[in-house]
Amino acid sequence: MTTTAVSPGYADLPRLIALMTGDDKHTAAAQSTVDVLWVLYDRVLDLTPATFREPGRDRFLLSKGHGPMAYYAVLTAKGFLDEAELADWSTVGSRLGHHPDRRRVPGVEISSGSLGHGLPIAVGTALGARACGHAGRVVTLVGDAEFDEGSNSEAVVLAGRLGLEQLTTVVVDNQSSSHGWPGGIARRFEVEGWETRTVSGRDHEALYEAFTAAHPGRPLAVVAVVEPKG
Amino acid sequence: MPNMRETFLSTAEEIVDTDPDVAVVLADISAAQLAGAARRHPDRVLNVGIREQLLVSTGAGLALAGLRPIVHTFSAFLVERAFEQIKLDLSHQDAGAVLVSYGASYDMPAEGRTHQSPGDVALMDSLPGWTIHVPGHPDEARRLLLDSVPGDGRVYLRLSAQENASPYFGVGFQTLRQGSRGVVVAVGPMLDRVLAATEGMDVTVLYAATIRPFDAAGLRAAVTDAADVVLVEPYLAGTSAHCVAEALADVPHRLLGLGVRRDIEVRGYGELADHDLAHGLDAGSIALSLKDFLR
């Protein structure tokens, strides 16, 4: 008789997230991203522990490093991390902190925490992939409040002008920006020439369709709307 | 003869023409001069417009994708305006890059304070692991750029309008004059004026175009019984004082740090020579400072 190990799935994420306690301030941030992260790692990105060092791989850059519990949970479910590591997170002996560190955690493309860095770095990474002839896509996740940082604006403009088709930005919108984005955050991308999709950040099919929509010659922005931050 | 900036631009063009792994990132400054290279290599000569945060972040992203970025603009905008991007997107990500600035501390004196950057080396010095080159001659700038491209280290190459008459290509502190009453360290473009100021004085003159890593062994070897050390640096006075203190931790010594003054903002226009005088960095002022200190 043979047995087949069952990989953890979406249903395991709440349990994995619950193993990481002590960052209550950012629980909302973690909960807001969990579905987007799952769809990306489960169905959209070609990214596994076996391929994450290949130059032409898909790349996921978590810009909004706050509340990385959902990120670590998805990385665990996909085999990048061992579940046994999660409970000790943020201790001195752990490599998992409240903000991820790419030098310490395999599969983490960028260290984040200070806001407004992931999208600009992703522009450079997409330009580099293009210069190297790599077809892998570059996806970065930002928050709607993180989008307040002006550095994002510099990146949105340039990516639009250069038609960086390999670049996708997903904005998880839980309406936590202090001054808001009247008319929807997608407008900021549209005016700079991006293809945009605004979908429910809880609807896996809608997210999948948005991430896989054709957008020839233009970067893609997916606004994933979730319940407002309480 | 081409100045440092012109030499850098022609050398960078040679590099991107011959090395498919190198990219040049600009923020409008010098984009006109590299327009031909950009036409030949549109994927690797990139002008992001007047966006210095994105300038540095783009360089970091290119490095993460496997390219070797040369990132260039004026020193005030490259280091001071985009410092968090240097700290996080390059250092903290452990991404390599060659940052090349032009403008030094006050190379464009008529432009005023907005175009001055005397604190750039001190800022870069607050980050571990950066190699910092302060060439004193266009030929040194070319050699240091060519030497910086291989590998994946983090390098800051600080170009200036001020230069010495001759290049020196040695490694570490080079002894250009030997004496017994003290050691004067001249960094980059300060050399010729230090040589003029020390004419006839019984002092050792050391020269460095690479100030980080600091050649502690070279300084230690030059220090004799009279452990009097004078730093003459073309940026914020005393920027390398902590390196001297560390190199001579067990040697009783005195130290004078000359450089761009810290006590006031020199609020004026004029010529380079006017600012040299204001900071006490002309040959005559340096000579007076040395005579006073080494009395």
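How many residues of chain B are in contact with chain A? In this predicted model, 23 residues of chain B are in contact with 25 residues of chain A, where contact means heavy atoms within 4.5 Å. Residues are numbered from 1 along each chain as its sequence is written, and chains are lettered from A in the order in which they are written. Local features need pLDDT of at least 70 and side-chain atom pairs count only at pLDDT 80 or more, while totals for chains, interfaces and linings use all residues; side-chain values use heavy atoms, without hydrogens and water.

The area buried between the two chains is about 2100 Å², with carbon and sulfur atoms giving 58%. Buried area is the accessible area (1.4 Å probe) that two parts lose on being put together, summed over both. On the side of chain B, the residues that lose the most area to chain A are B:Leu54, B:Leu64 and B:Gln93, together 26% of what that side buries.

The count of salt bridges between chain B and chain A is two; a salt bridge is a side-chain nitrogen of Lys or Arg within 4 Å of a carboxyl oxygen of Asp or Glu. One of them joins B:Asp43 to A:Arg130, at 3.8 Å from N to O. The elements that give two or more residues to this side of chain B are strand E2 (45-47), helix H3 (52-64) and helix H5 (83-92). Helices (H or I, at least four residues) and strands (E, at least two) are DSSP runs, numbered from the N terminus. H3(B) supplies the largest share, eight residues.

Within chain A, five strands form an open, parallel sheet in the order E1-E2-E3-E5-E4. Two strands pair if DSSP finds at least two bridges between them. Strand E1 (59-62) and strand E4 (195-200) are the edge strands, each pairing on one side only. Six bridges join E4(A) to strand E5 (residues 220-225) of chain A, and the two run parallel. A:Arg197 stands opposite A:Val222 in E5(A).

Chain A also holds a helix pair. Helix H2 (residues 27-44) and helix H3 (residues 69-77) of chain A pack at an angle of about 30°, with their axes 7 Å apart. Axes are lines fitted to C-alpha atoms, for helices over the stretch in contact, and angles run from 0 to 180 degrees between N-to-C directions. Residues of H2(A) in this contact include A:Val34, A:Leu37 and A:Trp38, and those of H3(A) include A:Tyr71, A:Val74 and A:Leu75.
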